[in-house]
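Hi,

Here is the structure I promised to pass on.

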Amino acid sequence: MTRKTNNVAFVDKLRVDDATTAAMKKRSEAYATLDDIVLDFDPSLDTAQKLLLIGGYFSSSPTEVATRLAEVTAVAARLYAVWTWEEKTNVPDGSRTRASTLRDGIAGLGPVFVKMAQARSDSRRSPYDGVGVVNAVP
């Protein structure tokens, strides 16, 4: 099965009837937070069903979507302010705080953002880093 075929099959799973959508929306109301949905590792839930749960959760609480967007924006704005201030005032490299500001901001956003940051940081590593193979190539 090719990647394109997998994507089509996945999208077809998201096209469900109204009864299934209503059932998933009702099930999403049983979760107190978005993190509870994301961190629910129930083996009976596949990815499509989990996405439907997340969609149902957000459709039932649009104010939470706005609040979450404001939280993410505040972290980004704080990081931008620290980064810009340290660049303009020529803070020495050893005294800069932008890395800790980024780390604390991501940690404050919760486990979903921590996991995304971990995945992003791992994606830039080569499987040969530290072995000397990549560094030995001119």
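Predicted model: local features only at pLDDT ≥ 70, side-chain atom pairs only at ≥ 80, totals over all residues.

Residues are numbered from 1 along each chain as its sequence is written, and side-chain values use heavy atoms, with hydrogens and water left out.

**The chain as a whole**

The protein chain has eight helices and zero strands; helices (H or I, at least four residues) and strands (E, at least two) are DSSP runs, numbered from the N terminus. Of its 138 residues, 15% are buried, where buried means under 20% relative accessible area with a 1.4 Å probe, protein chains only. Among the contacts (heavy atoms within 4.5 Å) with a separation of 6 or more, 47% join residues 24 or more positions apart.

**The core and α4**

The largest nonpolar core has seven residues: Met24, Tyr31, Leu34, Ile37, Leu45, Leu53 and Tyr57. Such a core is a set of buried Ala, Val, Leu, Ile, Met, Phe, Trp, Tyr and Cys residues joined through side-chain atoms within 4.5 Å. At least two residues of this core come from each of α3 (34-38) and α4 (47-60). Not counting residues up to four places away in sequence, Ile37 touches Ser28, Tyr31, Lys50, Leu53, Ile54 and Tyr57.

In α4, the buried residues are Ala48, Lys50, Leu53, Gly56 and Tyr57. This helix has 14 residues and reaches 20 Å from its first C-alpha to its last, close to the 20 Å expected at 1.5 Å a residue. The expected span is 1.5 Å times one less than the number of residues.

**α4 against α5**

α4 packs on α5 (residues 62-88) at an angle of about 95 degrees, with the axes 5 Å apart. Axes here are lines fitted to C-alpha atoms, for helices over the stretch in contact, and angles run from 0 to 180 degrees between N-to-C directions. That makes the two helices roughly perpendicular, the label for 65 to 115 degrees. Tyr57, Phe58, Ser59 and Ser60 of α4 meet Pro62, Glu64 and Val65 of α5.

**α5 against α6**

What about the span of α5? The axes of α5 and α6 (residues 98-109) come within 9 Å and cross at roughly 175 degrees. The pair is therefore roughly antiparallel, the label for angles over 145 degrees.

On the α5 side, the residues that meet α6 include Arg68, Val75, Leu79, Val82 and Glu86, and those on the α6 side include Arg98, Thr101 and Leu102. Leu79, Val82 and Glu86 are buried in α5, and α6 is part of what covers the buried residues of α5.

Which residues does Val82 contact, leaving aside its neighbours within four places in sequence? They are Thr97, Arg98 and Thr101. Val82 counts as buried at 15% relative accessibility. Its C-alpha lies 9.7 Å from that of Leu102, 20 residues away in sequence. Just after α5, Asn90 takes a positive phi of about 55 degrees.

Best wishes

Conventions
Buried < 20%, exposed > 50% of the residue type's maximum accessible area, 1.4 Å probe, protein only. Parallel < 35°, antiparallel > 145°, perpendicular 65-115°, else oblique.
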